[in-house]
Every structure is written in structure tokens, then in C-alpha cells.
Amino acid sequence: MKIIKYYFALVMLCLLSACIDSRDDIYNELPDIEIANLESVPSEVLYNEVLYIDPTVKYGDSQDKEAFDFLWYKGVGSSLKLLSEEPVLEQKMDSLGTWNIYLKIIHKTTQLSSLATLSVKVNSQTERGWYVLKENAEGNTDLDFFKTAEDGKITPDAMADLIGRENALKGVPKGIMFTNNFRWKSPGSTSFTTYINTLIPFSEKEVGALRINDSKLMETTDNLFFEKSVDASYGFSGGIGAPQQALLLNNGNAHLMQAGMQAFLPAVFGDYALSPHFTLSNAYGSYILGFDELSESFIYVKLLSSSIFPFPQKQLENSRLSISSNNMKGRISFLENTDGSLNPQNTSYAQRAYAIFHENSRNDRSLLLGLDLAQIDAGQTTYGSAQFNPIMTADTLNYRVYPEIEKSEIFTLHKNYPILYFAYGNKIGSYSIEMIEQNRYKKEILAYPSEEKISYMHFIECMFDTNSFSYLVVATYTADGNYKIYRYKIAGNDVTQVGSPLTGRGKVKTIRYIAPSSSIMFYLYRYY
């Protein structure tokens, strides 16, 4: 902290009569005002924290604060804003960035003054950590936050209900998206602010835009659509936040928001009804891969697309099977990406996805379809870029052989290896897609106390922060309204819990780890 002192001395002139005693003029030098005890003021504080400054003042041999006036200012542009006239400053640091604080002390009798300045940086409390989208006790949607330090240490006490009970999104939670370039014009402002790090949580009935730096709910439902609903009826079921655009599913229709926009565009035109399951590749300009429940076909969405596109029937020459991605006569219940190539002629492109497909004519099995994500990458001009049918492999999940998979409603993929995890009740099992039959299936790799039921599971890989990690993250809930969040490291068959569970109130729907890093946008695909 820099402390710069400027002394302003008002010299008191004492003139003795030279006519009487013939002495020269005499000037008495006044002592300086010394300001101390500022070195202990922190150079950085957290947003909304109260800054406490109690300076020590010395004037000659006196340290009586009653002899002085105190003026505390904050520098705002080229002007000063008065903060306090008390000897001790107690200031709520309610805006982010660097505060230049000025203290002017004036001696009441002599009007001698002294000035001290100091700089304090105000950091966000909520820019790094775990955001938990949850259902609260009223059946509505809110967010909890677990603050995390740069070294990975987590504050165990959650900042609960960031949206707040009064503003909680109506209805049960459905999902959450992130963008680093939301555009917003604050009330009373004449211009927009861009590149706002923003979370977009949505419930079945409402959607919000939450500024990450200070947890401010900037806008909600109607104001987040360029074309408002005529009857104000919304039915949100899914969404995906790609680096250059977000897609929000409203009553089966896709609404897109390009990076740098302040609202979602009118629904993409067409006769379709999209499934809530989406994924994308690691390409910055990746198309969005989804499934149309009306045509029963896999589809893709381009950047600011005016329509929903099906894939062609054309098959890659080295495809291991021939299953059309169109008119499939069924539905999907899961879709997610992982590393690795399914095309032997394009092994350098290590991105694929798997979908669980349910045939209309069969209830004794499902199909685990492997999809080539080069087909949603415009840069893959030889073997991809939507030139071919994306389906490359299919595993038959016979429920007589894999009864636990039939019971499961929550699935996730390991992000480095083709391993499918499935959750049923209070247990988790795994299915290794590329292993030989007798070793691929483990019906139980984790189990929780009987009173805990699993509500969320995802393999979260963070490569965009100083604290990098790869965890299988699991959330459970109990009948009395409490949740626990577990983190695990997985190495082969070894599953090791990391730290103590994070706890809170409600039922977890999904989780996002956010950090103040410009590279976070390149890793959004890992959540899908």
C-alpha cells in the first residue's frame, strides 16, 4: 500500500513591535501532523466487506483526535466523493475494482492540514468456486455458492440462496448456462456494458441473468427475450451454453443468444420439438448437436441458425455399422461428449459423443450410440462438417444383463475415457464401453447411506484455473431437505473421495465450477 503525505502549513506570523525594543520579526514554526497506523490496512478486500481504518494522529506531543476534523474521500474519476467525517472509517466496499481513498486531517485551532492516500482493491467473492443450482423448500429454483481459493481450498459454508427467496425462479430447476459476454444496460444508464461474466439459470417457468462478480440478478424472463411471450407462458426444458452462442429450449422451440447479446432471439423457424439433451465439440465454433423428437432424428444447429438441420444419410466408409440418424423411431435420454476418435481415418480428431437411444418397439433394451463429433465441426472439411451420418457405433444394453442401467435415470461420461457412469437410488455403477464383455460392467462402484438419494452426477474437468482438477461429482439429498456434494478422483478401478462433502439445503439439479479465466470459454464443452 502506498501512503503519500502532503503537508499544508499555515504559518502564524507573530510580529513584535520593533519600535519599542528594536528586535527582528520572530516566526514560530508549527509541528507537522503525523498520520500513522495505515500500514495495517489490507491492500485487497472482498466485495461488500466492511473496511475498518483507525489512524493514529500526532501533533507535536499531542495525540488527541478531538483536536482535529477528519474528512474521508473516495476518488471518482477526476472528482472526490465524501465517505465520512468520523475519525474512524467503517466503509462497506460495495463496488469492484480499485478504491483510491483520501484522508484529510485538519487541526481545528491552527487549520494545519495533512493528507494521506491509500489504494484498496475490491475483489469479487463469487468469481471462483462452485455454483449449485438447486430446488428450494418451496419447489422453486435458487443458487448456492461455495467460494474457492486459488489453491483449491473451499470455504465449507455456502453463500446460500444467491437469487433470494423473493426472487427465486418459479418452478423446479432445469439447467444453467455461462457466458463471458453478456450485454446489459443498467437502470438509468444510456449505454450497454459488454463482456459481463454471467450465469443464466433457468427453471421450468423462468430464466434469469446473474452477474457473477457481485451476484446481481440483472434481468429475468420477459426481459431476456427480444420477442416476449404473448400469453406469458414459458416451458423451459433444456439448454446449452456454447462459446459463441447459447440455446434455450422453450416449449420445444430453440431460442438462440449470440455472445454479446442481451436477450434470446425469436424461436428458430421450423416444424420440430427438440429433446432437452445437447452436446458440442471442443471447436470454438462448434455446431450444437441435439435430437428432434418430432422427426426422431439427430440434428445440428449452426451459429445463429435460421433453421434446424438434419444430417445426411451418407455414411463414412469405415463406419462399423449402418444406422440412419434420421427417422429413427425412438428417443434419447442421454447425450454427452468425451475424448477419443471413432473414425480410424481421422484419429487426430479426438472428440466423440455417446447417446442412450430407446427404440419405440422395444422396452427390453436400449442402444448406446457412438457419434462422431467431427460432423459438428465446420473445420473438419474432409471427414466432418455435417457431410456424413454421425452414428459410428452401437452397443446393445440388454436390461436382462444390465438391470441396473434400466433402473437408472442419471448418467455421465468420464471425460478422458469411454466409461459410462449410471446412478440408481443411492448407488453408482460403471460401464466401460470399449472393454471386453466380462470386464466392462460394474453394477456398484459407490454406495451411500440408504437415506441419501442421488440427484446429480457429472464428471467435471477443470483445465482453465490455477487449481486444475478432474472429479466425478455426485450430489445426494435426504427427505429432510439437505444435500451433500461429493468429489472423487478416479484412477483405473480406484475411486478416492476428495475432501469432506459440501452441504446445504435443497435438492441439487446441476453444478458449475467457475473461475476468473479468459480460457474458460474453451472448456464449456466439458459440461455437455
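1. Basis of the values. The model is predicted, with local features requiring pLDDT of at least 70 and side-chain atom pairs counted only at pLDDT 80 or more, while totals for chains, interfaces and linings use all residues. Residues are numbered from 1 along each chain as its sequence is written, and side-chain values use heavy atoms, with hydrogens and water left out.

2. Salt bridges overall. The whole structure contains 16 salt bridges, a salt bridge being a side-chain nitrogen of Lys or Arg within 4 Å of a carboxyl oxygen of Asp or Glu.

3. Arg128 and Asp465. These two residues form a salt bridge in which the closest N and O atoms are 3.0 Å apart. Arg128 lies in the loop between strand S12 (113-123) and strand S13 (129-135), and Asp465 in the loop between strand S33 (453-462) and strand S34 (469-477), so the pair ties together parts that are 337 residues apart in sequence. Strands (E, at least two residues) are DSSP runs numbered from the N terminus. Both Arg128 and Asp465 are buried; buried denotes under 20% relative accessible area, exposed over 50%, and partly exposed in between (1.4 Å probe, protein chains only).

4. Two further pairs. Arg365 and Glu359 meet in a salt bridge at 2.7 Å, N to O, and both residues are buried. Glu444 and Lys427 form a salt bridge at 3.6 Å, N to O. This pair links distant parts of the chain, with Glu444 in strand S32 (residues 441-447) and Lys427 in strand S31 (residues 427-432), 17 residues apart. Glu444 is partly exposed, with a relative accessible area of 43%, and Lys427 is partly exposed at 30%. Elsewhere, salt bridges that share partners join Lys134, Glu138, Asp144, Asp161 and Arg165 into one network.

5. Asp292. This residue belongs to strand S22 (residues 288-292). Asp292 is buried but has no salt bridge, and the nearest side chain of opposite charge, Lys329, is 14 Å away; for charge, Lys and Arg count as positive and Asp and Glu as negative, with His and the chain ends not counted. A polar atom of the Asp292 side chain lies 3.1 Å from the backbone nitrogen of Leu294. Beyond its neighbours within four places in sequence, Asp292 is in contact (heavy atoms within 4.5 Å) with Asp271, Tyr272, Ala273, Leu274, Ser297 and Ile299.

6. The cavity. One cavity of 30 Å³ or more is present, a cavity being a set of points on a 1 Å grid over the protein atoms alone where a 1.4 Å probe fits but cannot get out. The largest cavity holds about 60 Å³ of space, the volume being that filled by probe spheres set on the grid points, which are joined across faces, edges and corners. Its lining residues (an atom within 4 Å of a point) include Phe178, Thr179, Gln245, Ala246, Met257 and Gln258. Strand S15 (173-184), strand S20 (245-250) and strand S21 (253-258) are the elements that give two or more residues to this lining.

7. Positive phi angles. Most residues other than glycine have a negative phi. Tyr195, in strand S16 (residues 193-203), has a positive phi near 55 degrees and is exposed, with a relative accessible area of 59%. Ser385 also has a positive phi, about 55 degrees, although it is not a glycine; Ser385 is located in the loop between strand S27 (365-372) and strand S28 (391-398).

How values were computed
Helices (H or I, at least four residues) and strands (E, at least two) are DSSP runs, numbered from the N terminus. A polar contact is a pair of N or O atoms within 3.5 Å; within protein, one must be able to donate a hydrogen and the other to accept it, and residues adjacent in sequence count only if both atoms are side-chain atoms. On a 1 Å grid over the protein atoms alone, a cavity is a set of points where a 1.4 Å probe fits but cannot get out, and a pocket is an open set with protein on both sides within 12 Å along at least five of seven lines; lining residues have an atom within 4 Å of a point.
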